[in-house]
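This report looks at one helix pair and at the pockets of a model. The sequence and structure come next.

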Amino acid sequence: MSNFNNEELEKRFQEKIDKEIKIEPNDWMPDAYRKNLIRQISQHAHSEVVGMLPEGNWITRAPNLRRKAVLLAKVQDEAGHGLYLYSACETLGADREQTIDDMHDGKAKYSSIFNYPAVTWADMGAIGWLVDGAAIMNQVALCRTSYGPYARAMVKICKEESFHQRQGFEILTTLCKGTEQQKAMAQDALNRFWWPSLMMFGPSDSDSPHSAQSIKWKIKRFTNDELRQQFVDAAAPQADILGLTIPDANLKWNEARQHYDFSEINWDEFWQVLEGNGPCNKERIAARKAAKENGQWVREAATTYAEKRALRKTA
């Protein structure tokens with residue numbers, strides 16, 4: 001009888017998904033659906049917070065006050081995105097601190113792109129144009145994800161990410177209209193961030209263990225390879241506008257497919273970075289651990305204050 005009831009619940013759950021009815025926190029859901037969402041949303045939250053590190057390092061070195069203010073606003077946005085997403089994770093019964101500790105211990109991942117260094121101001125442009133552009137390609141579809149709190153959080157996040165992408169493209173446009181050295185700096189940034197940006201969409205569909213089920217449950221609307229292709233199709237003409245050359249000799253428009261062809265990604269590099277062996281993996285995790293440890297007294301003070309305030313109200 002129990003098995004029959006569970007099968008019936010799963011059937012009704014899938015029917016809701018198929019009818020585009022959002023799943024809410026108090027609704028019944030399969031344990032696998034809940035776990036899949038916690039994995040994806042916490043990974044997304046970690047990526048937003050870790051993504052603050054390479055850009056935050058450039059706030060004091062931005063070339064003028066306007067650039068400093070814009071970059072500061074962007075980094076602040078990323079912190080807010082992390083908070084939205086950790087909150088969405090908590091609606092699934094996850095413990096926020098535990099998900100953060102899982103990242104610190106290597107049990108949970110974040111986007112591999114943030115394990116690459118940002119060594120010049122042009123990298124701020126490349127991160128905005130390519131990294132945030134790749135994020136938007138994925139996140140716009142997530143506005144229609146089947147889990148209500150995640151979908152609603154993504155609406156606000158996508159609005160802010162579109163600003164981030166425009167900010168990056170503007171930085172590169174300015175550099176490309178500048179001196180030969182400035183344009184060369186922009187080209188160098190593109191050369192270094194192009195392939196890691198393509199890796200952001202995750203492994204190829206044949207090597208992605210979660211894609212098929214995520215598509216069925218409409219957590220995801222497109223596969224990794226479909227999103228990667230959409231990104232290349234959008235970015236290639238944008239590079240032409242900038243007057244920059246994408247570092248791929250095989251990149252060309254395929255009239256029959258109505259898409260750009262491009263070279264195979266270096267998947268060995270992708271897996272190495274994902275496993276913690278990238279240029280900045282250890283540095284990024286060390287920075288996040290230090291932030292948590294150094295901020296412990298603030299959290300304890302805030303908790304104590306809240307407890308005392310609650311006692312005064314009941315006295």
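At roughly what angle do the axes of H5 and H12 cross?

## Basis

The model is predicted, with local features needing pLDDT of at least 70 and side-chain atom pairs counting only at pLDDT 80 or more, while totals for chains, interfaces and linings use all residues. Residues are numbered from 1 along each chain as its sequence is written, and side-chain values use heavy atoms, leaving out hydrogens and water.

## The H5 and H12 pair

The axes (lines fitted to C-alpha atoms over the stretch in contact, with angles from 0 to 180 degrees between N-to-C directions) of helix H5 (96-104) and helix H12 (281-294) come within 10 Å and cross at roughly 145 degrees. Helices here are DSSP runs of H or I with at least four residues, numbered from the N terminus.

In contact (heavy atoms within 4.5 Å), Glu97, Ile100, Asp101, Met103 and His104 of H5 meet Ile285, Arg288, Lys289 and Lys292 of H12.

## The second largest pocket

A pocket is an open set of points on a 1 Å grid over the protein atoms alone, where a 1.4 Å probe fits, with protein on both sides within 12 Å along at least five of seven lines; lining residues have an atom within 4 Å of a point. The second largest pocket holds about 300 Å³, and among its 14 lining residues Val49, Tyr86, Ile100, Arg288 and Arg299 are the closest to its centre. H5 gives the most to this lining, with five residues.

## The largest pocket

The largest pocket has a volume of about 1100 Å³, a volume being the space filled by probe spheres set on the points, which are joined across faces, edges and corners. Its lining has 50 residues, with Arg39, Gln40, Gln43, Ser111 and Met200 nearest the centre.

Conventions. Helix = DSSP H or I, 4+ residues; strand = E, 2+ residues; numbered from the N terminus.
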